[in-house]
Amino acid sequence: MAIFLSAHGYDPGPTQRPLIAGALSGVVATVPAIAILYLFGSLSVEARILRTSELTTVAAGVPLMALAGAVYGYLFGRAANDVRGGWLFGMAFGFALWAAGAVMVLPLASGGPTPAGEAAIGLFLSLVAWGAALGSVHPFVHRPLHENIEAAAKRSEVGPSAAASGPSR
Amino acid sequence: MLRIVAYHKAILAGAAGALVWEAVLRILMLLGFHSFDVVRELGTLAFPNGSAAEWWPAGIAAHAAVGAIWALFYAYFFWARLDWPPPLQGLAFAALPAALAALLVYPQLRLMHLHQDIAKLDWHMFLAGLEQTRLGGLLLGHALFGLTVGSIYTHPVGYPATRQCSTPPTSKEPRNHSGKRVPADGRFIFATGIECSYPTTEQGRWRRDEMAATGHYRRWREDFELAREVGVTHIRYGPPLHLIFLGPGQFDWQWSDEPLAELERFGPEPIIDLCHFGLPAWLENFQNPDIAAALAEYADAFAKRYPWARFYTPVNEMYVCARMSALDGRWNEQLRDESAFVRAVVNLASASIHMTNAILAARPDAVFINSESSEFYQPCCPDDDIQQTAEFENERRFLPLDLIYSHDVSPRMRDHLRKHGVGDEQFAWFMASKPPKRTVLGLDYYEWNERLVSGDGRARALGELFGWYVIASQYWERYRRTLMHTETNRADAADASRWLWRQWHNVQLLRSAGVPIIGFTWYSLTDQIDWNRGIEKPLGIIDPVGLFDLNRDPREVALSYKHLIDAHRDRPGYRECKAVTEVIG
């Protein structure tokens, strides 16, 4: 995927703010994710595993998801702005988080116990839904955050000096 | 946007893959094969104690949905990465979901089926979950899935040449519609373009349509607004000839009416590109001698329908079109034959002249910008054969322009034309048809336009050896016509700003040498599709050459171009450009 994204340049775009857009989108996407966790009873199971309250679990989860959203914005760069494919990229990212986080990190962090039964289904669906929501809302959250072209075009590095590739003497 | 994906095909392919998997594995299981039953595993999550009539529909629906998502993933990230037959690409891809299924999903499914909230997870679950026969079934299922997806998911861009494109040119008003018109009259032209190539491939059966692939038919209002935002005065614009010109006397103007009304009202001023590498299916290809009369009819109808349009490119890049169609065997007639090449050149040049005359009859003050690829061939070594090949190529590059500008050719080229079917009478007709006064020679330049004729006689791209200044000077010396830099871009997006400014300095230097130049163009407004492969194969790979990507987010070169335009447009010599007023005047 890294090679593939490189065709478009790793730059997220000169007028874009992918980290803040990703973080905000990550927070927005927790709404359906928390709802699914609650509906499947996964939230209380996770709280029990982590030996804390449901509220604390959510409170800790939201900034983590903001961070994960920022990582998504950073990794996917321009691709994250694709309205058509964003849900799929986000879902893939959510699946990867589930695989790495829920399947590996949570059991290790808690010493082995992991959600099972319906709680495991809820955890899986919540992270996939979080990813799909993240990828879906990211282009729309990002758009108003873009720097204005008029202002960005005044930057010196896009001016005539861009023609020179060697060091100045 | 990563890649152009045909969603309906991918979803169909993924669902079909899941169904083939189920059909084969179900039969094997009924025959006693002990396999992993993915449909039962998924279905019983929803109906833990349900009958087969309950879990089977739920399971197959879930599996088809998962299959569709994997197929979309394949379409975005894997398709066309390997130059293999499509079924084998699908088979290779299937290794990824197979590995995830065996190592991750299967143990997790077992967890999900437990009748408890919390379980102890150990490494044994990851590594010892599947018996060999069940693992065999899982791998066989994935192989069938991959082969099916790979077989079905092909041709994500384009459509059968005999079918009309199904997307009508509707476009929503952009949120930030400025309604601001960039002044153009008498000023130096700063232009961009909408990439609009529409050749056929696969022996005329498959139509490439860059405007459809880049989403322009859906987003044209937004595209025009972006062009205004950058500050360009003109836009090279080629309404889709193959969709508009349905037959003699039959035109479907819905493909051009609204976009051109928007350009007329708000700008940028269009440079109308009437024939861009393709023909309607009913005209077949460029070997057809009737295209000149037919395209003249189209030009006449077009000029009468849009009487305000002033700038025209009757036929875009005739040399490239003839070469790709009749010499390199890649588009349209797909021939590899010198006589076919000469025939294509003659037909294209004849069409250009007839179209020009038709437009002049409707709009006598029309300006013609004959865009052509600026080519140069450098011999690698002092070998007589290599030298002669380079000399011949350097003469042949001029051939279409020689014909439309009535410029005599060398005795050697004249003999060559005779040998390949151009009679003296036909040649004399070209030499007698003088081009109109308001004619501009547009010269396109890319990093592959300078070529080295190497020891084996093949031409290889040299990169920017001498540059646009030197190559354009050769064309200027030959034709002495006002010039315009009508296309450039850079395949490496990270280097595009540097390339833009260097091209611009070439233009400035040639202007300062006294050559009349009316404009400069970054081509195109958005990224293009499959041009790194000459749009020969319908792969849907995006070339990041635009001012904007296909999400319509600016690339750095858009900022550089705006910087360049802002810095120059009101300077003396650009605000009132003598070369422009002389051409328009």
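The model is predicted. In it, 42 residues of chain A are in contact with 40 residues of chain B. The assignment for chain B gives two entries, domain 1 and domain 2.

**Chain B side of the interface**
- Two or more residues each come from helix H3 (52-77), helix H5 (95-112), strand E1 (118-120), helix H20 (496-512) and helix H21 (556-568) of chain B.
- H21(B) contributes the most to this side, with seven residues.
- The side of chain B that touches chain A is made up of 22 nonpolar, eight polar and 10 charged residues.

**Strand pairing between the chains**
- Strand E1 (residues 113-115) of chain A pairs with E1(B) in the antiparallel sense, over three bridges.
- Thr114(A) has Ala119(B) as its bridge partner in E1(B).
- In general, strands of a sheet pair through backbone hydrogen bonds, either parallel or antiparallel.

**Domains of chain B**
- Domain 1 of chain B covers 7-152, while domain 2 is assigned as 159-163 + 189-584.
- A distance of 49 Å separates the C-alpha centres of domain 1 of chain B and domain 2 of chain B.

**Three-stranded sheet in chain B**
- The sheet is open, with antiparallel pairing and the strand order E2-E5-E4 (chain B).
- Strand E2 (159-160) and strand E4 (200-201) of chain B are the edge strands, each pairing on one side only.
- E2(B) and strand E5 (residues 206-207) of chain B run antiparallel and are joined by two bridges.
- Within E5(B), Trp206(B) is the bridge partner of Pro160(B).

Key:
Residues numbered from 1 in each chain as written. Chains lettered and ligands numbered in written order. Predicted model: local features only at pLDDT ≥ 70, side-chain atom pairs only at ≥ 80, totals over all residues. Contact = placed C-beta atoms within 7 Å. Helix = DSSP H or I, 4+ residues; strand = E, 2+ residues; numbered from the N terminus. Nonpolar A, V, L, I, M, F, W, Y, C, P; charged D, E, K, R; others polar. Pairing = 2+ DSSP bridges. Domains from an automatic or database assignment.
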